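Subject: Handover of a structure

Dear colleague,

Please find the structure below, with the findings set out after it.

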Amino acid sequence: MHTSRLFIAIALFCCACAGSQSIEIVEKPIVFDDERRALSLAYMKEHYGIEAEEPGITPRMIVVHWTAIPTLEGSFNAFYESRLPSFRTGISSGGALNVSVPYLIDQDGTIYQLMSDTLMGRHVIGLNHTAIGIENVGNGEDTPLTEAQYEANKKLIRYLTKKYDIDYLIGHHEYQRFKNHPLWLEQDPDYLTEKSDPGDAFMQRLRNDLGSLDFKPLPEEETQAIRQGIVGQVLWVEGNQMPGIGQSHKSPKPKGIQRKVYVYNVLQRDELEYEAGFFKKPKQPAVKVVNSDSSGHFSVALDTGSYSLLVEEPQGLYANLFDGNGYVQVTKVEKDSVNKVELKIDYKASY
Ligand SMILES: [Zn+2]
């Protein structure tokens, strides 16, 4: 009896090792003192209406970020103090609690734990009470996220989904899609920031590779509710669109249609591979990918700049408008303005 119990104990211990797949997490604690505790409780009360003894969270979501700071120490220092530094004026209206997350991944893939993952970090408006944050050292420009980081994110997310009942895996840039979701508790509807980290390419790849973890799909993107960017409609056009004399039948009207719209930094026709009426996806990642709804409408918040919009068809990406410089379906987004576009898919139409 004695021996067999010992055997079971050893067997269980080994299973635990195999289950965690030898994830290595380095402790690198930030300050979590009485002040941070008090500021966290005040934040929970003010923003979420939660009155608690401990600033704990119920993890249902993982939010992936980049720090927009190119070094580990610089990123770590940004989270270290309990109080928000005075230069963070963009979010100071949200309170004095400094930003933080439990996990920080360096460019070489090393995973650091900064605080307990069941304490609340301030890293995503509306959802901090339920979201475990993973920050990655880097940004979208001169210090892009690395393959080592990507692999570490995958491993850490797997590990966290075993530890907690996680429903959603999201990128910080996607958080506003939860504005009407029951998990969204922010009381001030104007307390919002536009985020681009870590981008659709990184998140789509993660969700593809981690498909077996069965995360819930994100809420549909709200249309028309943007301050700067592009709103539009994807239209399916087919049949004879020539207004003929004495035409006996009416040509089918263009109709709104659900499609994936790829938004790229402006593309020139010549730099794309083209085959039988469709473009291949360019090497550069899309700035954003959005779905139009069943009536074809979509909206996408964007930084100022010029963008090419292409629609995904089974055969490849489709675009049919090219300006004098050969730019593909180009739209310029200016400060605080929303541009309207129509994207026609008309390769089955004749004019
Ligand atoms: Zn972020």
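Two residues count as in contact if their C-beta atoms, placed from the backbone, lie within 7 Å. Among contacts in the chain between residues at least 6 apart in sequence, 74% join residues at least 24 apart.

The model is predicted: local features need pLDDT of at least 70, side-chain atom pairs count only at pLDDT 80 or more, and totals for chains, interfaces and linings use all residues. Residue numbers start from 1 along each chain as its sequence is written.

Of the 351 residues in the chain, 33% are buried (20 or more other C-beta atoms within 10 Å of the residue's own, with C-beta atoms placed from the backbone). The C-alpha trace spans about 95 × 55 × 35 Å along its principal axes.

The chain holds five helices and 17 strands, which are DSSP runs numbered from the N terminus (helices H or I, at least four residues; strands E, at least two). Strands pair if DSSP finds at least two bridges between them.

Six strands form an open sheet with mixed pairing, in the order 1-4-3-5-2-6. Strand 1 (25-27) and strand 6 (168-171) are at the edges with a single partner strand each, so one side of each lacks a neighbour in the sheet. Within this sheet, strand 3 (residues 103-105) runs antiparallel to strand 4 (residues 111-113), joined by three bridges, and L104 stands opposite Y112.

Elsewhere, four bridges join strand 9 (residues 260-265) to strand 12, also antiparallel, with Y262 opposite V289. In strand 12 (residues 288-291), K288 and V290 make up the covered face, V289 and N291 the uncovered one.

Yours sincerely

Key:
A residue is buried if 20 or more other C-beta atoms lie within 10 Å of its own, exposed if 12 or fewer, and partly exposed in between; C-beta atoms are placed from the backbone.
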